[in-house]
Amino acid sequence: MSVLREYDDKDAKYQAKLARRMKLPTLDMSIPSSFLDEPEMVATRVAATKTILRAAKSVLALPSSIDGRMLPRCSGFLIEYDEKSKSGIVVTTADLICSRKSIDDWSGRDVHCPNAKVYVHLLLLDSTSVEGCLICYQKDYNLAFFKISVGQPIQLLAINRRVEYAQEVFLLGRDESLYLTIGHGRVLYCDRNLNNRHHYMNVDSTSPECVTGGPAIDLNGEVVGMASIYAREAIIPSFIILKCWHFWRRHQCIPRPHLGLKFSAIKFRSVPQIDKISREYKIEDGLIVQEVSEGSLAEELGVRVGDIVTSFNGLCISDTVELEHVLLRMSEDHFYKGKRLNSKMNVKIGVFHMRNRAKREITLSVNVSESGEVVLRGSYLINPPSGEEIPVPPCPGKSFMLVLY
C-alpha cells in the first residue's frame, strides 16, 4: 500500500507540473487562433501580423458594471496622453455603459448608466487595472470618453482621418481573458442599416462582439475608425471621433442638429435605379428621405418619404457619413456665434418632391442638442369595418393604430 501511495503522490506532482508547463504561453494550446491562420491569408500574413502586433500594444480591455451587474464588455484605445499629469484619454463606445439596447438607434429606448463602474486593463503595465472616470458620452454618435491615471507613457496609435469605401481594415479588441481578438474585412460600398445612425460605415466582417470600441486600423497600422459590432457590423470613422472630442474640449458638450429625418444615399442604389432617377428627374446625387419624424417641422413643410434632399446650406451631400461631418461643422459655427445647447439653428435644405416634381428650398429651424435624436414613425387611426361588412369583427368598437414604416 505504501508503494501505491508513493506512486500516486509522484503522479499527482507530475500532473501538476505538466499542467503548469502547459500554461506557459509557448505551450498553451487553449489560446484562440485568428483569421490570420486561415489558408487564404497566406499572401498577406507576414505584413498583417507585424501591423496588428504593433497596434495591439495600444488595445485596451474595458469591463463595466452597474450595481454588481455586468454590462457589455468592450474594448478601447488611447487618443491622448499628458506627461505632466500622467493621465490619458480613452475613447470607446457608449455601448459600454448601456444597460438596455434597442435594435433601433433612433427609438430613444436605449438606457445609459453614466455612474457605471468602468475599469481599464493596461496590458503594457503588467496587466494593471485602473478605474476609468467618465468625461462624457454622446448618444447620437455612440461615443464615450474616459480619463485614466497612467504611471508611464503608453503608445498612442497614429490616426488617419481618411477612410475609403472598399478599404481593407482590421478590427482589434480584447476578450474577457485579455486575449487579442481580430476581425478583418472591407468597408462596404453601401448604406448602413436604417435602424443605425447616419455616421456608421458597414464592414463585411464577422468579428467577435468584444472588439466593439476597439480600433479599426488600415494596412499601415493607422486608426481609420472604431469598431461597432453590437447590433451592427460597422465602424465609426476616425474623423467623426476626433471632431467630437475636439468639440468637447472647446465647449464641454457634443451637440448635433436634430433634423427629424432619416436618409439613404442615391449613390448606393443599383446602377439601373440611379440611371432611372437621373433620366426621369435629372438628379445625379443626393440623399433619399427614408423617414420623416411625426410632428417635425420637416413634415409640416411637406417633406415626404421618397423625396430627395439635394443640398444642406448650399452644400451638396452624397452620403450620410458626409452629412454628419457637415452637421458637426454647422454646430461648431453655431457655437462660435455664441449659441448654446438646446438653441435653434436654421438649416436650409434643397428638396426635390418626387410626387409633383417640384424643386424648392426650405428652412428648418431645428434644435441643437446632445441628447440622442428620436425619429418617430408616423401613424394614423383607422376604424374597423362594421358588423354588416365582415362576419366577425376582430375587436368590435375599437380603433387601431397603423404604423407607417
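Trainee: Does Asp307 count as buried or exposed?

Mentor: Buried means under 20% relative accessible area, exposed over 50%, and partly exposed in between, with a 1.4 Å probe and protein chains only. At 1% relative accessibility, Asp307 counts as buried. Please note that this is a predicted model, in which local features need pLDDT of at least 70 and side-chain atom pairs count only at pLDDT 80 or more, while totals for chains, interfaces and linings use all residues. Residues are numbered from 1 along each chain as its sequence is written, and side-chain values use heavy atoms, with hydrogens and water left out.

Trainee: With which residue does Asp307 form a salt bridge?

Mentor: Side chains of opposite charge can pair when their charged atoms come close. A salt bridge is a side-chain nitrogen of Lys or Arg within 4 Å of a carboxyl oxygen of Asp or Glu. The partner of Asp307 is Arg355, with the closest N and O atoms 3.5 Å apart. This pair links distant parts of the chain, 48 residues apart: Asp307 lies in the loop between helix H5 (297–300) and S21, and Arg355 in the loop between strand S22 (343–353) and strand S23 (358–369). Helices (H or I, at least four residues) and strands (E, at least two) are DSSP runs, numbered from the N terminus. Arg355 is exposed, at a relative accessible area of 62%.

Trainee: How many salt bridges does a search of the whole structure find?

Mentor: The search finds 19 salt bridges. One of them joins Arg256 to Glu324, where the closest N and O atoms are 2.9 Å apart. That pair also links distant parts of the chain, with Arg256 in strand S18 (residues 256–258) and Glu324 in helix H6 (residues 320–336), 68 residues apart. Arg256 counts as buried at 3% relative accessibility, and Glu324 counts as buried at 1%.

Trainee: Which residues are linked with Asp110 in a network of salt bridges?

Mentor: The network links Asp110 with Asp95, Lys101 and Asp105. Between Asp110 and Lys101, the closest N and O atoms are 3.2 Å apart. Asp110 is buried at 18% relative accessibility, whereas Lys101 is partly exposed at 33%.

Trainee: How should I read a sheet, and in what order do the six strands of the open sheet stand?

Mentor: Strands of a sheet pair through backbone hydrogen bonds, either parallel or antiparallel. Two strands pair if DSSP finds at least two bridges between them. Here the order is S13-S12-S15-S16-S17-S14, with antiparallel pairing. Strand S13 (180–186) and strand S14 (201–202) stand at the edges with a single partner strand each, so one side of each has no neighbour in the sheet. Strand S12 (residues 168–174) is joined to S13 by seven bridges, and Gly173 has Thr181 as its bridge partner in S13.

Trainee: How many residues lie between S4 and S5 in their hairpin?

Mentor: Four residues lie between them, and Lys86 in the turn has a positive phi of about 55 degrees. Five bridges join strand S4 (residues 74–82) to S5 in an antiparallel pairing; Leu78, for instance, has Val90 as its bridge partner in S5. Strand S5 (residues 87–93) is mostly covered, with seven of its seven residues buried.

Trainee: How many disulfides does the structure hold?

Mentor: A disulfide is a pair of cysteine sulfur atoms within 2.5 Å. The structure holds zero disulfides. For Cys74, the nearest cysteine sulfur is that of Cys210, 9.3 Å away. Cys74 is buried, at a relative accessible area of 0%, whereas Cys316 is exposed at 62%.
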